[in-house]
Amino acid sequence: PAPEKHYWRAALAEAMSLAGGTAWYWIDRERQVADWDFPSWTDRLTTDVMRYDNNPFHVNFAWHAANGTGFHFWARANGLSFLESVGMGALTSLTWEYALEYREKVSVNDLIFTTGTGISFGEFMHVLGRYLNEDPEAAEWTAARWTAGFPLALTRALDGRRPASLASKPDFWHQLHLAYDFASSDVTREAEQASDLQGDDDYFMHTLHLDGRFVRLPGYLQVGQWSRFFHTAEFTQASVEVSLSGKGDAVRLSSDAILLGWYSQNIAEDGALSKAGMLGVSTAYDYRREEFGLWDDKVGVFHFPGPAANLHLSWQGVSLEARARAYADFAGLNAMSNEAWNAAHPAEQGKAILRKQGYYYGYGASASLFAELRYRDLSLGTRLQGGRYFSDEGLDRIQEEVTLDQKSSDELRDAELWLRLDGLPYHSYLAARVSLRERTATLEEFESSATLTRFALQLGLAL
């Protein structure tokens, strides 16, 4: 049965989240005061106060995404529908920007990112929480249930519902993986201007990965022929990666939710030809902050809803999985030649965000393709992704003082290839992976590029 909707309890949870943020805001007053513009209440109701803020990169593109995830998750945990939770997340974000940060101009980037990224990551966390609380085996992971699934664990305890109290396992398909890899990386950085950073670098790195996929369609990839329309983000996935080396560290986050679409399958028995496909509308989030010597890459992207397609084919033990996405994007990216540009133009007042934090806000488009061919326990896969971004001018925090509103652009190209062996003891697997990432950037007259090549051996566990 559908859970009871607790609107007031959801509102209380959102209010407590805002109270925690407000406490931090005033405790950290010494740093926050630098952003106080003191716009009048009448000005705050116009578009004149809508600007990009000057907060650190991780605050705007990781912490605000975490806030949006929490807003969405708490609403879902209290029984609200998918659309109601999106609305409550948007309302909570607006309350923060317009009421609690009343001494500041309204941050356009926060309004977009907090709600937008919270949809895909928040829905994934909701489904993960359901899995941890409803699946009889997963519910035994008490620590996971009260951490990753905390909002659902708490609300169900308040309702008097025991973990895994349903008559059977939740009827949705899932994949969860935990992996470690050791990689050798090589970086090449080039620039047209001699004053810009250039050179070659190499290092070893250690990475922990956690990723998952959920599909909440009863009978998904089980024997049978059927089709249906879905509209509450039944396909969700997310990943978290943390890397360490002697030359720096990195954090990478991503999520993807298919908001609505049409799914059809014809899954046969006894190795006969089976096929399944999905056409829908997806929204997604990508974040990476990587600082390894010459490789300094900061990219935060909210992918506006765009077309998505999935394909599954199998026959006689051979299967093919493919997924394609295309998006219009809002993004923040570090400007690779920022220091060289500032040194060349000491008398100019450029974008405040570039001078203070070294990144810019922009819009663009991206596309990705995933494909994996599998024969029994052996699989060969690839992932291709690319994007092009251009800076947005005219909405700087101190736009009135800008003498040269620099134009920036970036082109990103990522490719990965892997060979994987499953079926090892304790649900483990081994993989060899090679990846190539290229970035070409311009900042006014400065042009630069960087290439990262990585070879990794990975040991993973299917949870």
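Reader: Why is Asp405 called buried?

Author: Its relative accessible area is 19%, and buried means under 20%, with exposed over 50% and partly exposed in between (1.4 Å probe, protein chains only). So Asp405 counts as buried. Keep in mind that this is a predicted model, where local features need pLDDT of at least 70 and side-chain atom pairs count only at pLDDT 80 or more, while totals for chains, interfaces and linings use all residues. Residues are numbered from 1 along each chain as its sequence is written, and side-chain values use heavy atoms, leaving out hydrogens and water.

Reader: Where is Asp405 found?

Author: Look in the loop between strand 12 (378-391) and strand 13 (408-424). Strands (E, at least two residues) and helices (H or I, at least four) are DSSP runs, numbered from the N terminus.

Reader: What makes the link between the side chains of Asp405 and Gln399 a polar contact?

Author: They come to 3.2 Å, and a polar contact is a pair of N or O atoms within 3.5 Å; within protein, one must be able to donate a hydrogen and the other to accept it, and neighbours in sequence count only if both atoms are side-chain atoms. The Asp405 side chain also reaches the backbone nitrogen of Gly394, at 3.1 Å. Leaving aside residues up to four places away in sequence, Asp405 touches Lys351, Glu393, Gly394, Gln399 and Glu444, where contact means heavy atoms within 4.5 Å.

Reader: What makes the largest nonpolar core a core, and how many residues has it?

Author: A nonpolar core is a set of buried Ala, Val, Leu, Ile, Met, Phe, Trp, Tyr and Cys residues joined through side-chain atoms within 4.5 Å. The largest one here has 31 residues, and Phe61, Leu128 and Tyr361 are among those with the most contacts inside it. Helix 3 (57-77), helix 5 (108-134), strand 8 (274-292) and strand 11 (359-375) each give two or more residues to this core. Helix 5 supplies the largest share, ten residues.

Reader: Why is helix 3 said to be largely enclosed by the rest of the structure?

Author: Because 16 of its 21 residues are buried.

Reader: Why is Gln316 called partly exposed, and what is its phi?

Author: Its relative accessibility is 46%, so it counts as partly exposed. Gln316 lies in the loop between strand 9 and strand 10, and its phi is positive, about 50 degrees, although it is not a glycine. Most residues other than glycine have a negative phi.

Reader: What makes His427 exposed?

Author: Its relative accessibility is 60%, so His427 counts as exposed. His427 sits in the loop between strand 13 and strand 14 (428-443), with a positive phi near 60 degrees.
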